[in-house]
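Dear colleague,

Please find below the structure that I am handing over to you. I would be grateful if you could look through it before reading the notes that come after it.

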Amino acid sequence: MTLATNLGFPRIGANRELKKAVESFWKGQSTEADLQKTAKELRAKHWKMQKDAGLDHIPSNDFSFYDQVLDTIALVGAVPARYQHKGGNVSLETYFAMARGRQGKGVDVTAMEMTKWFDTNYHYIVPELTADITFKLSSTKPVDEFNEAKTLGIKTRPVLLGPVSFLHAGKKKDDSVSWESLLKGLLPVYAEVLKQLENAGAEWVQIDEPCLVMDICDGTREGIKAAYAALAKASGLKIMLATYFGDLRDNLDIAAKLPVH
């Protein structure tokens, strides 16, 4: 049986509705509620478009107000100390401060670094990785958007940026940072997200690991094996592993042997 799917759907809107709504919010011309309303309308419209087009597996959590890497920074609580995040879910104010900086009312904090996403002109917010970073689930976005689609009668496949590619996209801020320790601390958060999605009724999850198309060291290869051994045991979800921007080449053998579906 042939099934049709895609890896994600453009979020901006046919008439750039999201761009206009975000810029209006930044200028103080609209409220957070206004912005969230536009975002919810766009997600519903795009899920329905895909369903009407005949897709069997429709992705969710491919929506973002700014950038999927920044979404993952918020998801795993990797908020640099200068933004004074006090725990709990990362607010939209803190989210945009990481992307754009924040000035005014006695606050002057710089934005995080941006760089190009692989060989595209798309820019992403670079995770800042420190020796004392503590990863902790700090967003309910993946399960919220899954539930949002479910209320519309559409069962989706949530999309997550993979843990290895997330760390690969980051920048170590001091020499004492160990990739192995970072990955060890990150995986329990991913496991928690997978369990939440399973409890919400998801059957599949898409995990994007575009670093698999790059020349990666033996340590990263071992990290990928360890990561997916752990994630495969974390829930009963079927894992769809996705890569893009290139072919697997030397990493084909590793990818083909991972415990994914």
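Predicted model: local features only at pLDDT ≥ 70, side-chain atom pairs only at ≥ 80, totals over all residues.

I begin with the helix pair. Two packed helices are described by the angle between their axes and the distance between the axes. Helix H7 spans residues 179-200 and helix H8 spans residues 218-234; their axes lie 9 Å apart and meet at an angle of about 30°. Because angles under 35 degrees count as roughly parallel, H7 is described as roughly parallel to H8. The crossing of the two helices, H7 and H8, is right-handed. On the H7 side, the contact is formed by Leu183, Leu187, Tyr190, Ala191, Leu194 and Lys195. H8 contributes Gly223, Ala226, Ala227, Ala230, Leu231 and Ala234. Sorted by class, the residues in this contact of H7 with H8 are 10 nonpolar, one polar and one charged.

Within H4, I would draw your attention to tyrosine 95. Its relative accessibility is 6%, so tyrosine 95 counts as buried. Leaving aside neighbours within four places in sequence, tyrosine 95 is in contact with Ser64, Phe65, Tyr66, Asp67, Leu70, Asp71, Ala74 and Val90.

Finally, I turn to the cysteines. How many disulfides does the model contain? The count is zero. Cysteine 211 takes part in no disulfide, and the nearest cysteine sulfur, in cysteine 217, is 10.0 Å away. A disulfide requires the two sulfur atoms to be within 2.5 Å, so the 10.0 Å from the sulfur of cysteine 217 to that of cysteine 211 is too far for a bond. Is each of these residues buried or partly exposed? Cysteine 211 counts as buried because its relative accessibility is 0%, whereas cysteine 217, at 47%, counts as partly exposed.

With kind regards

Terms used
Residues numbered from 1 in each chain as written. Heavy atoms only, no water. Buried < 20%, exposed > 50% of the residue type's maximum accessible area, 1.4 Å probe, protein only. Axes fitted to C-alpha atoms, helices over the stretch in contact; angles between N-to-C directions. Helix = DSSP H or I, 4+ residues; strand = E, 2+ residues; numbered from the N terminus. Parallel < 35°, antiparallel > 145°, perpendicular 65-115°, else oblique. Left-handed = near helix turned anticlockwise from the far one by under 90°. Contact = heavy atoms within 4.5 Å. Nonpolar A, V, L, I, M, F, W, Y, C, P; charged D, E, K, R; others polar.
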